[in-house]
Amino acid sequence: MVNPALQYPIFGPEIQCPHCRQTIPALTLTDTYLCPRHGAFEADPKTSELIHLQSGRHWRQWNQEWYRQHTHPDGIRFEIHEALDRLYTQGYRATRVIIAQRYRDLISTYLERSTPWRGQSDAARPRLYGLPVEFSPAPEDEPCWDVINFDLEKEPGAPVRYPYFRLFE
């Protein structure tokens, strides 16, 4: 008798589609999940990644949430921009963005830098969409940062100036 768990990919008999969040089934005896809207996703047991076969996009899971693993700065910037828009529609404003350390080199050329005034701190704080940017702790210290891409600190209220319209400046 074959163990039923061995008939499915590493994430089990069904998952949430990373694109539309609809429950999608695994194809038995394969490493594939099939979404009727977005096509096939292959589970890689070596890397614990889910790969969208049509686009080649990679996803990793943390606490039952899928996070796209970016290889281009526009991807992570667009994802942050979408999250800022969601905050705004929920009645919040972002006060800071914390980006995963693994994206430091990828996104650093896109960060806004300002020259400090005399008498102020000599370290210019990088910004993205007008928000101060910090980078995450090392994944060895906080393992979630090996998977998640960024976190937004927020507070209630609309932004003073809605700076997030500057998507690709």
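Predicted model: local features only at pLDDT ≥ 70, side-chain atom pairs only at ≥ 80, totals over all residues.
In which strand does Thr 32 lie?

View 1. Thr 32 lies in strand S3, which covers residues 32-35. With a relative accessible area of 14%, Thr 32 is buried, because a residue counts as buried when this value is under 20%. Leaving aside residues up to four places away in sequence, Thr 32 touches Pro 9, Pro 25, Ala 26, Leu 27, Ala 40, Phe 41 and Glu 42.

**View 2. The aromatic pair of Phe 11 and Trp 66.** The count of aromatic pairs comes to one. The ring centres of Phe 11 and Trp 66 are 4.9 Å apart and the ring planes stand at 85°, so the pair is edge-to-face. Because Phe 11 belongs to the segment before strand S1 (14-16) while Trp 66 belongs to strand S7, the pair ties together parts that are 55 residues apart in sequence. Trp 66 is buried, with a relative accessible area of 8%.

**View 3. Lys 154 and the ring of Tyr 92.** Here the charged end of Lys 154 sits over the ring of Tyr 92, at 4.5 Å from the centre of that ring.

**View 4. The largest pocket and its lining.** The largest pocket holds about 750 Å³ of space, and 24 residues line this pocket, with Arg 21, Glu 79, Ala 83, Arg 86 and Phe 150 lying nearest its centre. At least two lining residues come from each of strand S7 (65-69), helix H1 (73-89) and strand S11 (150-156), and the largest share, seven residues, is supplied by H1. Sorted by class, the lining has ten nonpolar, five polar and nine charged residues.

Definitions and conventions
Residues numbered from 1 in each chain as written. Heavy atoms only, no water. 1 Å grid on protein atoms, 1.4 Å probe; cavity = no way out; pocket = protein on both sides within 12 Å on 5 of 7 lines; lining within 4 Å. Points joined across faces, edges and corners; volume = space filled by probe spheres on them. Helix = DSSP H or I, 4+ residues; strand = E, 2+ residues; numbered from the N terminus. Nonpolar A, V, L, I, M, F, W, Y, C, P; charged D, E, K, R; others polar. Buried < 20%, exposed > 50% of the residue type's maximum accessible area, 1.4 Å probe, protein only. Contact = heavy atoms within 4.5 Å. Phe/Tyr/Trp six-rings, centres within 6.5 Å; stacked < 30°, edge-to-face > 60°. Lys NZ or Arg CZ within 6 Å of the ring centre and 35° of its normal.
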